[in-house]
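Biologist: I'm new to this one. Can you put it up and take a few questions?

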Amino acid sequence: MSNTDIALNRENGRKSVWSFLASEFKPKGKLFTPFNLISIPVIITGVILIVIRFAKGLGAVTNLSQETPWGLWIGFDVVTGVAFAGGAYVVTFMVYILNLKKYHTIVRVTVLNGFLAYVFYAGALLLDLGKPWNVINPIIGNSFGVSSVLFLVAWHFLLYMIAELIEFSPAIAEWLGAKRARKILSGMTLGAVILGITLSTLHQSGLGALYLTAREKIHPLWYSEWIPILFFISSIFAGLSMVIFEGSISYKVFSDQISEKDHKSHHDIIHSLAKICAVTLFVYFFMHVLNFVHGKNYEFLGTRMGHWYLVEVIGFVLLPLVLFFHSYRRRNLLLVKIAAVLTMLGVIVNRMNVTIIGYNWDAPVQYYPTWKEIVVTLAIISIEIWVFRWVINRMPVLREAPSWAKD
Amino acid sequence: MSINRRNFLKALGLTGVAVGTGKKLNAAAAVKKDNDKEFYAILYDSTLCAGCQGCEWECALEHGLPDPDLEDIPEVGKIRKTNETRRTVINVFSTSKGEVYVKNSCKHCNQPACATACLTKAMYKTEDGPVIWRDEKCMGCRYCMVSCPYDVPKFEYHSSNPDIVKCDMCWDRVKEGKLPACVEGCPAGALTFGTRREMIAEARKRINDNPDQYYDHIYGEYEAGGTSVLYLSPVPFEEIGFNTSVMNKPYPELTRGFLYSVPAIFVLWPAILLGINKATSRSNNQIEEENE
Ligand code: SF4
Ligand code: SF4
């Protein structure tokens, strides 16, 4: 509440805007938490590595090679990170399109999460570009390669970030106490949501479509014309599992921000999300089976890659699917969380299999990431969590909106 | 609570933008029709190749690349690969008809996967056939490398301003009416340059004139949808290390279905979403009113 008081004071004089912002930029809370103690050195090392990467080229930091042009930064940061950000479009769909009011309490935090994920993980794409300054070429239009799937994906990233920012902007306006702006911005929400869902459908599947031309390079167990659809469906439960996972952490860490009422409804929300996960996982599993039968890939099952494929499909799709169903029946929160974590691991495994492990699987020299690539990835995740925490502690995301902003 | 008119118009406006983008994508996603101009092509006849690496030397000289490594010469059992310092290499294979030399480089596909993949058109199929790479456009995403079925484009991983390196059929020379450096420099006459039609006819003729000497197949006539480097061999092509699992369709076709569905989704999705939104908000209002 104190924020809104400050914000309201702002209208009394121009000068206090700056003092308000200045005070907001000061850190809140303790500096020496375990998370900070781990993340600060990681971030510092990561930044140094990024400097080296730009000074000496990608080869100085990564294990990328002529055989493996895309490694951890694309396969994990971009392809997997964006899948996990899928929660935003699913939840906005339920809240604004289906008008399911019960999910309203989680919409802001999910959108914030999605937005930050795109900024940081899609942003990680820039680290991976050999000539990042030329990224303006496909944007300002002096060179449009419109027949490229990557062109579509890149543009969608950009537009989707804008849509997410618009969806989130009322929270920023509330933080700043800008009443008129808030009104205008909330009026744009529905448009942004519709655009956002459309874009998400296309670029979540587009990330899979990127690999369609690598027909002979990806192991037959993972290559199929269905990659785009599989990627799209898995982004639904990847995103929702992330919402469940992140929610259960946020509700502990930021419990002071959450009202009694929201605490209660949160359990109910989690169970409903578990149900959606179960159903989409089922569809996904079913498609995997169809795909497998259709591809006639039986002979691979005896090989090492075949075993690994079975681990993925049974251990990380079928198992969480069963767990989600059970948890929903029994209303068991712990089971939901276990299932969510398994599902997330499964999505990571799947994306790694398509982009790295199954890619040029028969090459004599296999790619594995260097510790430097891993540290940079961890640094990006850490910075994202810092920004997330900064926003949560200041803007009405988990806590209720100020009274003047009630519809 | 229901959608007011302003919201509706805004949503519609945004959708309009989206549809516009979708349309544009559609128009350009259709691959440009081949015009009347014929593609140039190189015919490589491995039965004539003596493995002297003359082409490697000429290529290095022409493009300012380091001289070929004298220690690293073609040997049976060793696969030399092109990389960021060499655009073409000779390998030798032990086959049912003795040792056979093979030159490897970009195939200059008729519908190149690399150029379709490139989001900046840095990788570009010229109207004359050579597939070239343009420094000032490239952003170094390496999607061309992922897409090329022959793993041809190479990347300078140890440079802060890295280039993509691959054969460009000596585009600068061809433009001026000169022969590609390797063709000009081949002392054995294993390389011939001309239009693609002429080269296919020539290859056919050689096979017909000497059926015992050649395996009856022109590699590149249909592979990957047809390429502008054509190969003749005395033995089946898998014996000399060729990728025979490439499909005969052009590779860009693999993503075409996806790209075609884009405009449809851009038109349908927003309309459907808006419809559902109106339907659900109306029923919600009714419930609320009844509750009152
Ligand atoms: S061989 Fe590869 S690099 Fe050469 S034109 Fe074909 S797709 Fe492009
Ligand atoms: S690396 Fe350069 S040439 Fe290759 S696809 Fe990317 S922008 Fe195009």
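Biologist: Is B:Glu176 buried or exposed?
Modeller: This is a predicted model. In it B:Glu176 is exposed, because its relative accessible area is 58% and the cut-off for exposed is over 50%.

Biologist: Which residue does B:Glu176 form a salt bridge with?
Modeller: B:Lys178, with the closest N and O atoms 3.7 Å apart. B:Lys178 counts as partly exposed, at 40% relative accessibility.

Biologist: How many salt bridges are there over all chains?
Modeller: The structure holds 25. One of them pairs B:Glu56 with B:Arg80, where the closest N and O atoms are 2.8 Å apart.

Biologist: Which parts does that pair tie together?
Modeller: B:Glu56 lies in helix α2 of chain B and B:Arg80 in the loop between α2 and β2, so the pair ties together parts 24 residues apart in sequence.

Biologist: And are those two buried or exposed?
Modeller: B:Glu56 counts as buried at 4% relative accessibility, and B:Arg80 counts as buried at 3%.

Biologist: What does B:Arg173 form a salt bridge with?
Modeller: With B:Glu62, the closest N and O atoms being 3.2 Å apart. That pair links distant parts of the chain, helix α5 and helix α2 of chain B, 111 residues apart.

Biologist: Changing topic: what surrounds ligand 1?
Modeller: 13 residues, and the closest include B:Cys106 and B:Lys107. By class, the shell has ten nonpolar, one polar and two charged residues.

Biologist: Which helix gives the most to the nonpolar patch?
Modeller: Helix α13 of chain A, with five residues. Among the patch residues is A:Leu290, which is partly exposed at a relative accessible area of 40%.

Methods
Residues numbered from 1 in each chain as written. Chains lettered and ligands numbered in written order. Predicted model: local features only at pLDDT ≥ 70, side-chain atom pairs only at ≥ 80, totals over all residues. Heavy atoms only, no water. Patch = residues over 30% accessible without salt bridge, like charges linked within 9 Å, V, L, I, M, F, W, Y side chains within 5 Å. Areas by Shrake-Rupley, 256 points an atom, 1.4 Å probe, with all protein chains shown as cover. Salt bridge = Lys/Arg side-chain N within 4 Å of Asp/Glu carboxyl O. Helix = DSSP H or I, 4+ residues; strand = E, 2+ residues; numbered from the N terminus. Buried < 20%, exposed > 50% of the residue type's maximum accessible area, 1.4 Å probe, protein only. Near = heavy atom within 4 Å. Nonpolar A, V, L, I, M, F, W, Y, C, P; charged D, E, K, R; others polar.
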